[in-house]
Amino acid sequence: MDKIKVGLQYWIPQHGLTRFMGKLASAKAGSLTTAVIRWFIKQYNVNMDEAKHSDPKHFKSFNEFFVRELKEGVRPITEGDSVITHPADACVSQFGPIKDGKLIQAKGHSFTAQELLGGDEKLADEFKDGEFATLYLSPRDYHRVHMPCDGVLRQMIYVPGDLFSVNPLTAENVPNLFARNERVVCIFDTDFGPMAQVLVGATIVGSIEQVWAGTVTPPRGNTVYKWDYPAEGDKAVILKKGEEMGRFKLGSTVINLFTKDAITFDDSMDNGKSTVMGTAYAHLSEK
């Protein structure tokens, strides 16, 4: 059955299905929308006690529910200039060193930082011998993505690609999964050097949004797009640790890249472990 599940993903019209599901998720269908949301909450055991609005009737569309806000204070941000915090509620898929320019995807599979970053060799070199972490957001998770540290946005890159599922089964069986799926790469300059925060698309991920740019995808295409941002002035994008930086409307995965000798992962990190946004993720290395 696992082989069938993976094999079907090569044959289904990924982008067409995603467009169709995106339209359904954005539809305001009254009682039908409420019924779907109630089913989803029960099916995936979503904790609505943490949501700012816990009544399914509050949400006009499924997308509004999916990117729901949390109550103030339920995700306190761990303080300390040397503490880097988790950017999302998720599950640790893989983490560790970037060896020979490669990141581990799953047992027997890896991909390169250059591929992940849209083919930019110079940019990939900034993360040579650094560290990476891949965090998988399941359907039940809170789907807003936050800053793990203070940062100034330097560049955003849209990389077109496939829309395979990004669940653990697919990660174990589809080569180059995260470097072949559609993604939005965000490069931030921080006090400890550059940091990449990559939002990876997936099957039926209706859109990826950023707080400074709005909806980045859709529309979709075959061209890599790059936007450069100033470090100062009215057009600078400066975000503090814990601030929201983006969101997924359905689905997906966040990948962080850190430079060589910049960070040490927290002892709590372990493959398969659930993460909570705002808790300790890593610590700045002592130099």
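I began with S252, which I located in the loop between β14 (244–249) and β15 (253–258). The model I am reading is a predicted one.

I then looked up what the record says about this position. The UniProt annotation "modified residue: Pyruvic acid (Ser)", from an unreviewed entry, covers S252.

Is S252 buried or exposed? I found a relative accessibility of 1% for S252, and because buried means under 20%, the residue counts as buried.

Next I turned to confidence. The chain averages a pLDDT of 88, and 89% of the residues score at least 70. Among the elements of the chain, I noted the lowest mean pLDDT, 62, for helix α1 (residues 2–11). The highest, 98, belongs to strand β13 (residues 238–239).

I went on to the second largest pocket. I recorded a volume of about 270 Å³ for it. Its lining comprises 17 residues. Which of them lie nearest the centre of the pocket? I listed R75, D89, R140, D141 and Y142.

Finally, I asked where the second largest pocket lies relative to the domains. Both domain 1 (1–67) and domain 2 (83–284) give residues to its lining, and I therefore place the pocket between them.

How values were computed. Residues numbered from 1 in each chain as written. Predicted model: local features only at pLDDT ≥ 70, side-chain atom pairs only at ≥ 80, totals over all residues. Heavy atoms only, no water. 1 Å grid on protein atoms, 1.4 Å probe; cavity = no way out; pocket = protein on both sides within 12 Å on 5 of 7 lines; lining within 4 Å. Points joined across faces, edges and corners; volume = space filled by probe spheres on them. Domains from an automatic or database assignment. UniProt positions renumbered as here; feature names shortened; annotations may be inferred. Helix = DSSP H or I, 4+ residues; strand = E, 2+ residues; numbered from the N terminus. Buried < 20%, exposed > 50% of the residue type's maximum accessible area, 1.4 Å probe, protein only. pLDDT = per-residue confidence, 0-100.
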